[in-house]
Amino acid sequence: MGSYSTPLISSLNVIILLVSLFSSEFGLIRHGATLGINYGQVANNLPSPQRVLSLVSSLNINKIRIYDTNPQVLSAFANSGVDIIVTVPNEMVAQLTDRQQALQWLISNVKPYLPATKISGIQLGNEVYTSDDQTLMSNLVPAMTIIHEALVQLGLDSYIHVSTANSLAVIENSYPPSLASFQQDIQPLMAPFLRFLAITKSPFWINAYPYFAYKDDPTRIPLNYVLMNPNKGMVDPYTKLYYDNMLYAQVDAVTFAMARMGYGGIEVRVSETGWPSKGDVNEVGATMENARVYNKNLMMRQVRNEGTPLRPKQRLEVYLFALFNEDMKPGPTSERNYGLYQPDGILTYNLGLTTLKSDMPPQVSSSSAAKGQREEFGKLWILICTLISQALMRRAII
């Protein structure tokens, strides 16, 4: 018997992953059209939370993510219907590995605002697995587990999920998406994290910025591909799935990486993505026009309830970064220029988000949706059979 070549092994592995991933995606109901945005507050002259609520409402946005549990924000958004994800800062994760402190944190920082304020998620830390802080990384899952147990104790676990936001750097290789895997050194930590998400039915949040890929290699990465403008796109050579933008390819790469570890059914959501309107000389592509185009194209896709090529029936939930330019953030110029608004409430550029709501297509009937799902299943089954046939033919030649 001849030995398998690397491409053949990759093809067979991808076939197995596709069957697993599609079986977990088939039958999912598309989410309602909503827009999410990150509300950072590292600035010295931001509008009051009450004024921020007015701005968010004017943009037809009804989901926000904050980086703490600011009581003024949580109080201001009471009875607004705006969905809020709160964050436990990295430096606080360790103390929440203690059951009593975790329960007290919830009682002090979350429970008083419910149900008037719609808190739907708690994110413990931000980009923990790429922080190089071994203690923080090892404390994350125990803290998440204990916070979840405290939510159960308070009867809040069915309303509030627990997760964390990860940098895309947790992925070792993201091209093509079907061959993606997690960085080898964090896989032992990633396994219990994914197990927790699967058990609690919580999402995997990813901070994904196509801008960084373009900035680092502008001669080889087409600008229109990262901006979601019309372009020829790319086809994954193993799945034959077509990608017309980098963000969707990055998200599907995360799904494939999880599937390689046996957790392909976990939903991937984008906790941060955006484009800077200004940057330093070496920050290629950081312009106001590129920021406007990327964010407008992203939001138009959101209102159309788009899913990724791997999960076409599951609307990709995305939180835009960010609501405001944060003038006190350290680092390069771009770090202070991701906002739709200046800190004083003046628009950085006009996305036209207030008109997007009227562009939504009519809802598809349940029978039409079922027919569409059957068609998707038929297409994927043909693809799987074709890939198996090609793989077996290659094996016969070998």
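Predicted model: local features only at pLDDT ≥ 70, side-chain atom pairs only at ≥ 80, totals over all residues.

A search of the whole structure turns up 14 aromatic pairs. Elsewhere, helices α5 and α6 pack together, and a cis peptide bond joins Leu114 and Pro115.

**Aromatic rings**

- Tyr209 and Tyr338 make an edge-to-face pair, with 5.8 Å from centre to centre and 75° between the planes.
- Tyr209 sits in the loop between β8 (204–207) and α7 (210–216), while Tyr338 sits in the loop between β12 (318–320) and α11 (366–397), so their pairing ties together parts 129 residues apart in sequence.
- Both partners count as buried: Tyr209 has 10% relative accessibility, and Tyr338 has 3%.
- Tyr211 and Phe212 form a tilted pair, 5.4 Å centre to centre with 55° between the planes.
- In that pair, Tyr211 is buried at 0% relative accessibility, whereas Phe212 is partly exposed at 31%.

**Two packed helices**

- Helix α5 (residues 134–154) packs against helix α6 (residues 187–200) at an angle of about 15°, and their axes are 9 Å apart.
- With that angle, α5 is roughly parallel to α6.
- The crossing of α5 past α6 is left-handed.
- On the α5 side, the contact uses Met137, Ser138, Val141, Met144, Thr145 and His148.
- On the α6 side, Leu189, Pro192, Phe193, Phe196, Leu197 and Thr200 take part.
- Sorted by class, the contact between α5 and α6 has 8 nonpolar residues, 4 polar ones and no charged ones.

- As background, most residues other than glycine have a negative phi, and most peptide bonds are trans.
- The bond joining Leu114 and Pro115 is cis, with omega at about -5°; Pro115 belongs to the loop between α4 (99–109) and β4 (118–126).
- Another cis bond runs from Tyr175 to Pro176, with omega near -10°, and Pro176 is in the loop between β6 (171–173) and β7 (181–182).
- Asn60 has a positive phi, near 60°, and lies in the loop between α2 (49–58) and β2 (63–65).
- Asn79 also has a positive phi near 60°, in the loop between α3 (71–76) and β3 (83–88).
- How exposed are these two asparagines? Asn60 is partly exposed at 28% relative accessibility, while Asn79 is exposed, with a relative accessible area of 68%.

Key
Residues numbered from 1 in each chain as written. Heavy atoms only, no water. Phe/Tyr/Trp six-rings, centres within 6.5 Å; stacked < 30°, edge-to-face > 60°. Helix = DSSP H or I, 4+ residues; strand = E, 2+ residues; numbered from the N terminus. Buried < 20%, exposed > 50% of the residue type's maximum accessible area, 1.4 Å probe, protein only. Axes fitted to C-alpha atoms, helices over the stretch in contact; angles between N-to-C directions. Parallel < 35°, antiparallel > 145°, perpendicular 65-115°, else oblique. Left-handed = near helix turned anticlockwise from the far one by under 90°. Contact = heavy atoms within 4.5 Å. Nonpolar A, V, L, I, M, F, W, Y, C, P; charged D, E, K, R; others polar.
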